[in-house]
Amino acid sequence: MHTVGIDVGSTYTKAVLMNGEGEILAHCIRNTGFKLTQIARECFETCLETANIKASSCDYVIATGMGRHQCDFKDLAVTELTAGARGAKFFFPETGTVLDIGGQTMKASRIESSGKVGAFRMNDKCAAGTGAFLEKTARYMGYSTQEIGPLMETSRESVPISGVCAAFTESEVINHLSLGTPPGDIMQGAVESLTTRSVQLMKRIKGQPEFTLIGGLLRFKSMATTVESVLGTHVNVPPDGHCQFACAIGAAQLAQV
């Protein structure tokens, strides 16, 4: 049996091909852009090509993410909350709470023992609680998204960034730079601002251990470390960069039920 999970996110589209034993045979990630249907199909075909499997041998396809309905070859569509919960439990079966930090949204979910989402909160009204907030902060200082991780690793002492509104962040950044504050410390301050928001979301849903963090921002190591510090307990992060593929993996898993 072969199944595919496709996560059509606001920033990136991810696809995962899995066999009946739960092994990941191939995965693909592309910038989503504005041709959602085309990108979803390209990711799907890349996975098939990588694993040397024909489309006719793929038994089921489940799409998730904000653009899931644009995936015109799917068999079923599920929400990111459902796929994220399944993906988190794929790596950490005892997961009780999932925090998903993506490019445009941040979601906290409390997961029941059955694997279903018992409660959730989303921060999708303002970029201040998402990956876009860090990208804007980096851009104000002349850095690219790819440089965010290395930049945070240079931090020695973070500076306060209110994070009340991403639109006002530029003035804060300019002020810190005018005072000679190192860019790494400013970026770490932005991370801590975002982390405070994420912990607030988890508290609102009465999150319970184990805490599993997924989403593109978790590829930056200091992100999980900062969440652990603020939350005061250990957090799980899928290994080998799979934090970014968790929803696609969850969708592929659901396709095998």
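**Reading helix packing and local geometry in a predicted model**

Q: Which residues of α6 meet which residues of α7?
A: A contact is read from both sides. From α6 come Gln188, Val191, Glu192, Leu194, Thr195, Ser198, Val199 and Met202. They meet Ser222, Met223, Thr226, Val227, Val230 and Leu231 of α7. By class, the contact of α6 with α7 comprises eight nonpolar residues, five polar residues and one charged residue.

Q: At what angle do α3 and α6 pack?
A: The angle between α3 and α6 is about 165°, and their axes are 10 Å apart. The two helices are therefore classed as roughly antiparallel, since an angle over 145 degrees counts as such. The crossing of α3 and α6 is right-handed.

Q: Which residues form the contact of α3 with α6, and how do they divide by class?
A: On the α3 side are Phe133, Leu134, Thr137 and Ala138. On the α6 side are Ile186, Met187, Ala190, Val191, Ser193 and Leu194. This contact has eight nonpolar residues, two polar residues and no charged ones.

Q: Is Thr137 buried or exposed?
A: The relative accessible area decides the class. Thr137 is found in helix α3, which spans residues 131-140. It counts as buried because its relative accessibility is 0%, where the limit for that class is under 20%.

Q: Which residues are in contact with Thr137, leaving aside its neighbours within four places in sequence?
A: Setting sequence neighbours aside shows what the fold brings together. For Thr137, the partners beyond four places in sequence are Thr169, Val173, Ile186, Met187 and Ala190.

Q: Where does Leu151 lie, and what does it touch?
A: Leu151 is placed in helix α4 (residues 148-152). With a relative accessibility of 7%, Leu151 counts as buried. Not counting residues up to four places away in sequence, Leu151 touches Met141, Tyr143, Pro183, Gly184 and Met187.

Q: Is Gln200 buried, partly exposed or exposed?
A: Gln200 belongs to helix α6. Its relative accessible area of 39% makes Gln200 partly exposed. The C-alpha atom of Gln200 is 9.4 Å from that of Ala108, and these residues are 92 apart along the chain.

Q: How many disulfides does a search of the whole structure find?
A: The test is a distance between cysteine sulfur atoms. The search finds zero disulfides. For Cys43, the nearest cysteine sulfur belongs to Cys28 and is 3.8 Å away, so no disulfide is assigned, the cut-off being within 2.5 Å. For Cys47, the nearest cysteine sulfur is also that of Cys28, at 5.5 Å, and Cys47 is in no disulfide. Cys43 counts as buried at 0% relative accessibility, and Cys47 is buried with a relative accessible area of 0%.

Q: What is phi of Asn52 and of Lys206?
A: Asn52, a residue other than glycine, has a positive phi near 60°. It is found in the loop between α1 (36-51) and β4 (60-64), and it is exposed, with a relative accessible area of 71%. Lys206 also has a positive phi, about 60°, although it is not a glycine. Lys206 is found in the loop between α6 and β9 and is exposed, with a relative accessible area of 59%.

Note on methods
Residues are numbered from 1 along each chain as its sequence is written. This is a predicted model: local features need pLDDT of at least 70, side-chain atom pairs count only at pLDDT 80 or more; totals for chains, interfaces and linings use all residues. Side-chain values use heavy atoms; hydrogens and water are left out. Buried means under 20% relative accessible area, exposed over 50%, partly exposed in between (1.4 Å probe, protein chains only). Contact means heavy atoms within 4.5 Å. Helices (H or I, at least four residues) and strands (E, at least two) are DSSP runs, numbered from the N terminus. Ala, Val, Leu, Ile, Met, Phe, Trp, Tyr, Cys and Pro count as nonpolar, Asp, Glu, Lys and Arg as charged, and the others, Gly among them, as polar. Axes are lines fitted to C-alpha atoms, for helices over the stretch in contact, and angles run from 0 to 180 degrees between N-to-C directions. Angles under 35 degrees count as roughly parallel, over 145 as roughly antiparallel, 65 to 115 as roughly perpendicular and the rest as oblique. A crossing is left-handed if the near helix is turned anticlockwise from the far one by less than a right angle, and right-handed if clockwise.
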